[in-house]
Amino acid sequence: MSDLLKSNRPTAEPWLLEQYRQSIKGYDELLSPDGTMRPQYTGLIGDLTRLGRFDLKHRYDVARRIVHEQGITYNVYGDNRGMERPWQLDSVPFMISSEEWRGMETALIQRATLINQILGDCYGQQELIRSGWLPPALVFAQPDFLRPCHGVHPPHDTFLHLYAADLARSPDGRWWVISDRTQIPTGAGYALANRLVTSRVLPESFRDCQVQRLAGFFRELQTSLAQLASRRTDNPRVVLLTPGPYNETYFEQGYLARYLGYSMVEGQDLTVRDNRVFLKTLSGLEPVDVILRRVDDDFCDPLELRSDSMLGVPGLAEAFRAGNVAVANSLGSGLLQSPAFMAFLPGLCRHVLGEDLKMPSVATWWCGQKKAEDYVLQNMDRLFIKPAFRSHLKGTNPERGMTDSERAELRRRIAIQPHLFVAQERVQLSTAPVWNGERLEPSPVTLRVYLVATESGYKVMPGGLVRVASGLERRFVTMQKGGSSKDAWVLSEQPVDGVSLLHTVGQEVELRRVGNNLPSRLADNFFWLGRYCERADSSARLLRSALNRFNPESTGSTLPVLMPVLNTLIEQGQLQAPTSETKLTAEALEADLLAAIFDAKRPGSLRGIADHLQRLATMLRDRTSNDVWRVLSELDDRLTLPTTAPVVLAGDAIGVLNQTVLGLAAFNGLARENMTKAQGWRFIDIGLRIERAIYLCTLLRNVLQSDDADNPSVLEAVLEVADSTITYRSRYNLLPHIAAVFDLLILDDTNPRSLIFQLSQLQKHFDRLPFEQQSAQLSPGERLLLECSTRVRLMDPAQLAELESDWGEGEVAQLLTDVLEVLPRISEAIAVSYFAHSRIARAGGVGRRS
C-alpha cells in the first residue's frame, strides 16, 4: 500500500484507503496509474480521513435514516418489500472537475440537438431515409415508431424536451455514451434526492468543494414546460402522468411532482373532450395544457396506440396532433432509444450538424446491414448482443459467456431476422470509491446525465445520477439487481450562488385561499386513508382491551366480560369465529389475539391494515407532508416483527398497541392541525367519521346482545375502547351504568367519540361538498344521513335501565342495527357522487362492507 500514499494523498492516517485496490483493467476515478490521487478527489478524501472511522459510520447511518424517514424508495420487482424497498445510496460522492465538465457539457448538448433533429425528420419529411443516411428498416420495422404521430409538429419543433445519456469511462479516460434515454429519462428526481441527503451528511465538504447546484436545472425545466402551453394563461396547468404506484420509480415521480409544483395524475384522472385534455376534479373538468409523462408512449392512448393499455388516456394522440396539449417527451420519441441508432450517429452528426460527434458511443453494429452482421457472427463471444428494438427477444448475458447451445440458437435467430439484433462492445466500467461500512473500496460505476430543452438550446444538469454495480467484476449496472447510487459533484472554480425554485422578490403573485382542485382519484385515496386510520385505531383499542383483560389462569371468569369485545373483533374481521368443533382455550385465544395484531396474511389484521395505510400514503406522497409519511411508516415498522424475533408475549403486544394508538393520534393531530381545511382534509375526516361510527355501533350492539350488558366490568371495557372513561367518571360518581354509558356514547354531542358527534360532523362536511352546494334538493347521501341522525336524536337511552334482560331485543339495539345498515350506503353514495370513475381498490377492505 506504500506506493499509494503519494504526494496527492492526505497525510493523515491511511486507514480510509488501506484496502483500496486500484483497478488494473479499467480506469480508476480516484487514483491515477502511478497511484497518486486525482486532484478533484483530494479535498474530499482529506475531509473524510479527518472525520475518522466512527464519525463516517455515524454519517452513513444518518444518511440511511434520512432515506428511510423521507420514504425514498425504489420498487424492485420480485422483492418482498415491494414499494417499501429503501433507495440504496452511497454517501461518498462522485467527483468531476470543472474543466472536464465543460467538455462533457458541450458534447452532450450537441448529441441532444442531433437526436432531436433526427426525431423531427423521422416524423416529418423523412429526408434522412430518402437520402440513405438512415436505413428504412431501422425506423419502420421497430414498434417505437408511432405512425399516428407522423406529421405532428410539437411546440418549437422540440420532440426531445428531456434527454438523458448513460455514460461510462473507457480505460483510456474518455467518456462513452452507452445508451440514450429519449422516451422517459428517469432518475432526475433520485439525483435531486441524493443531493439533498449527501449535502446534509457531508455539509463541510459540500461547501468547501464549491459544488454546482441542481436547482437551476429544475427551474429551467419549469420554465420550459410552461412555455409549451398553447393556451394563453399566466398559470398553465402542467401534470405529471404516472403509470401508478407499482412502477419502479413511483417515488421519484411523486417527489418531482411535489418539487416542481405539478399535479401527479394517472390515466384515469384525465379525459379528452373536443380534442382537449381535461383533469377530472371534484368540481368538474379543468383544462390541462402540458403533460410530463412517465408512461411509455405506446401505452398513452388505448384508442390509437396500444388497445390493451389501462394506463393511458383515450383520445390523447388526437389532442396531441391537434396541438391542444403538449406532451413531454413527445409521443414517439422512444424511437431513438434503440441502440441500433448509435452505429449511425457519427455520420448523421456530420451530415445534419456539419461537425464531428464530440462524445463517441460505445462501438455498435446493427445486424440489419450485411457487413455488420458478418462481423457480429464472427465475433459473438467478444460482443454483447441484444435486441435492436423493444421486443421479447433475448440476447447474450453481459456478465458471462454463452454455451454452445445458446450460441447456436442466437446465430439461427440472427440469420432469420438480422435487423432485430444489435451488438455492442463489452464495456470495462471505471471504478469509483464507495463506503463499505469500514473503509473505501472501488466499485464499477456509470453516470446518467440529464438535459432539458430551453428557448436558447439544451441545458445540462450539473451533476447526475451515478449508479454503482453490486460487485467489482460487474460489467453491467442495474438498480433492479442490487445496484446502488451516489451523488455526482461537479466542482466549480468560483463560489457558487444559491438557486431556488421559489418566486423572486418583487414578482407579482395571485393570492389564493385553496390549491388546485382535487382530482377525484385523490379524493378517493384521502377518504380511504381516513377510514383505514380509524380502522387501525379502533382495532388497536379493541385488541388492547382484550389483552388487558385476558387472564390465562381464569379464562372462565373473564370470558363473559371479554365476549362483547371479542365478538366485535370477529364481526369486523380481526378474529376468527370459533366453530362447533373448536374449543376456546386460553392458549388458542391468546394466539388468535396476537395473530390479529402481527399476522400480515390474516385478512383484517392490524398489520394488514397498516400495510394498506402504507400503500395509500405512497399514493398520496405528493399531497401529504413528510411528517404524515413518517408517522404511517413508523406504524408499519412497529407492527413488522423481525424474522429472528423470539416468541411475542401478551405484555409485549400491549406495548406495541400503546405505541400504535399514540402514532395514530399523531396522524390525527397532523391532519387536524396541519392540513388546510380543504377537500383533502375533508375526505379524510369523512372517512374517519364513517369508520368510527361503524366500530362504535358494532361494539354497542354486541354489548346489548350479551347477557352481561349491565355488568360494570363490561361497560368499563366499552368506555375504555371509546376513550371516554375520564369523561364518565367526571360526570358520574358511580360504577358504569348502562343508561349513562349509552347516553354518553350515543347522544352526547360534546363527546368527540359519540355516535351523534360523528353524524353531526358528516352533516357539516356534506354541506361543504361541491355537488351538495349546487343542488337545491337533498342528495341520496344527505337523505340517508338526515334520517339516521333524526332517529338517533329521538332515541331514549333511559329505557335500557328499565330492562333486566333481553337488551338485544329493545329499541336501542334495533336502532344500532339500522344505523349499521345505513352507514355503508352513505359511504357508497359518496363514492358514486365523487369517486365513480376511480379505480382505487377497496379490495383491501374487509368483506363486511364496501
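Q: Which residues in H21 do Leu 699, Leu 700 and Val 703 in H20 meet?
A: They meet Val 714, Leu 715, Val 718 and Val 721. Contact here means heavy atoms within 4.5 Å. Helices (H or I, at least four residues) and strands (E, at least two) are DSSP runs, numbered from the N terminus.

Q: Before I go on, what sort of model is this, and what do the values use?
A: This is a predicted model, where local features need pLDDT of at least 70 and side-chain atom pairs count only at pLDDT 80 or more, while totals for chains, interfaces and linings use all residues. Residues are numbered from 1 along each chain as its sequence is written, and side-chain values use heavy atoms, with hydrogens and water left out.

Q: Thanks! Back to the helices: at what angle do the axes of H20 and H21 cross?
A: Roughly 180°, with the axes of H20 (residues 679–704) and H21 (residues 712–721) coming within 11 Å. Axes are lines fitted to C-alpha atoms, for helices over the stretch in contact, and angles run from 0 to 180 degrees between N-to-C directions.

Q: New topic: in what order do the strands E11, E12 and E13 sit in their sheet?
A: The order is E11-E13-E12, in an open sheet with antiparallel pairing. Two strands pair if DSSP finds at least two bridges between them. Strands E11 (364–366) and E12 (383–387) are at the edges with a single partner strand each, so one side of each has no neighbour in the sheet. From one strand to the next, the twist averages 20°.

Q: And how many bridges join E12 to E13?
A: Five, with E13 covering residues 421–425.

Q: Which helix lies across E11, E12 and E13?
A: That's H12 (residues 370–378), running at about 115° to E11.

Q: Which residues of H12 are buried?
A: Ala 372, Glu 373, Val 376 and Leu 377. Buried means under 20% relative accessible area, exposed over 50%, and partly exposed in between (1.4 Å probe, protein chains only). These residues cover an arc of only 130° around the axis, so they are on the same side of H12; the arc is that of the directions from the helix axis to the C-beta atoms. Their cover includes E11, E12, helix H13 (404–416) and E13. On the other side of H12, Lys 370, Lys 371 and Gln 378 are exposed.

Q: Where does Arg 382 lie?
A: In the loop between H12 and E12. Arg 382 is exposed, at 52% relative accessible area. Its side chain joins that of Asn 379 through a polar contact of 2.7 Å. A polar contact is a pair of N or O atoms within 3.5 Å; within protein, one must be able to donate a hydrogen and the other to accept it, and residues adjacent in sequence count only if both atoms are side-chain atoms.

Q: What else does Arg 382 contact, leaving aside neighbours within four places in sequence?
A: Tyr 375 and Arg 426.

Q: Last one: is Gln 110 buried or exposed?
A: Gln 110 counts as buried, at 5% relative accessibility. This residue is found in helix H3 (residues 98–122). Not counting residues up to four places away in sequence, Gln 110 touches several residues, including Cys 349, Leu 353 and Asp 356.
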